[in-house]
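Work through the exercises below with the model open. Each task is followed by its solution.

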Amino acid sequence: MSDKPLTLAAVTGAHGVSGEVRLKLFGEGVDALKAIKSFNEGSLTLKKIRSDNKGGAIARFAEVSNRTSAEQLRGTALSVSREALPTLDEDEFYFSDLLDLAVVTDTGEAVGRVCAVENFGATDIVEIEKPDGKKFMVPLTKQAVPGWTTTELTISEDFWDR
């Protein structure tokens, strides 16, 4: 849908003294990252990655050789181009494709914009920010969200929190 890079993880800090970093994962887990060799337009080359057994990962990058360098990466988002990822099936999408989309009801009324996409275990949820800054959440189901395009997400009138 978009050609902007997709963020798959973020560095949360150093791990040990030899340059490994801790990662917070935003995608399908460690196995999904193993297939990616280069992040941030080639500035970080993945040498090794493993699970931290807590939902995150421990990674080693070719460009990072000590704890000081690893600490300097804290807060760095690890992004890749869409072309580096597998092709999506028809019903699949990346959360980032929905971020900042304008939101309208199925009757055409403007609602706000998508400010976040979450999953707390049951189903994906879109968080919508109204023009007044207030936010509400809608489950990402066919009943609540009939569809979206590259510019607009449509929610059912029944799910709009006025």
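Helices (H or I, at least four residues) and strands (E, at least two) are DSSP runs, numbered from the N terminus. The model is predicted: local features need pLDDT of at least 70, side-chain atom pairs count only at pLDDT 80 or more, and totals for chains, interfaces and linings use all residues. Residues are numbered from 1 along each chain as its sequence is written, and side-chain values use heavy atoms, with hydrogens and water left out.

**Exercise 1.** Find the pairing partners of strand 1 in strand 2 and strand 6.

Step 1. Two strands pair if DSSP finds at least two bridges between them.
Step 2. Strand 2 (residues 20-25) pairs with strand 1 in the antiparallel sense, over 6 bridges. Here alanine 10 has lysine 24 as its bridge partner.
Step 3. Strands 1 and 2 form a hairpin with 4 residues between them. In the turn, glycine 16 has a positive phi of about 75°.
Step 4. Strand 6 (residues 77-80) also pairs with strand 1 in the antiparallel sense, over 4 bridges. Threonine 7 stands opposite serine 79 there.

**Exercise 2.** Which residues does valine 11 contact, leaving aside its neighbours within four places in sequence?

Step 1. Contact means heavy atoms within 4.5 Å.
Step 2. The list is Val21, Arg22, Leu23, Leu73, Arg74, Gly75, Thr76 and Leu78.
Step 3. Check one of them by C-alpha distance. Leucine 23 is 12 residues from valine 11 in sequence and 4.6 Å away in space.

**Exercise 3.** Describe the largest nonpolar core.

Step 1. A nonpolar core is a set of buried Ala, Val, Leu, Ile, Met, Phe, Trp, Tyr and Cys residues joined through side-chain atoms within 4.5 Å.
Step 2. The largest has 25 residues; Val21, Leu23 and Phe61 are among those with the most contacts inside it.
Step 3. Elements giving two or more residues include helix 1 (30-34), strand 4 (44-51) and strand 5 (57-61). Strand 1 gives the most, with 5 residues.
Step 4. Apart from this core lies another, of 17 residues, among them Leu101, Val111, Ile128 and Phe136.

Notes. Buried < 20%, exposed > 50% of the residue type's maximum accessible area, 1.4 Å probe, protein only.
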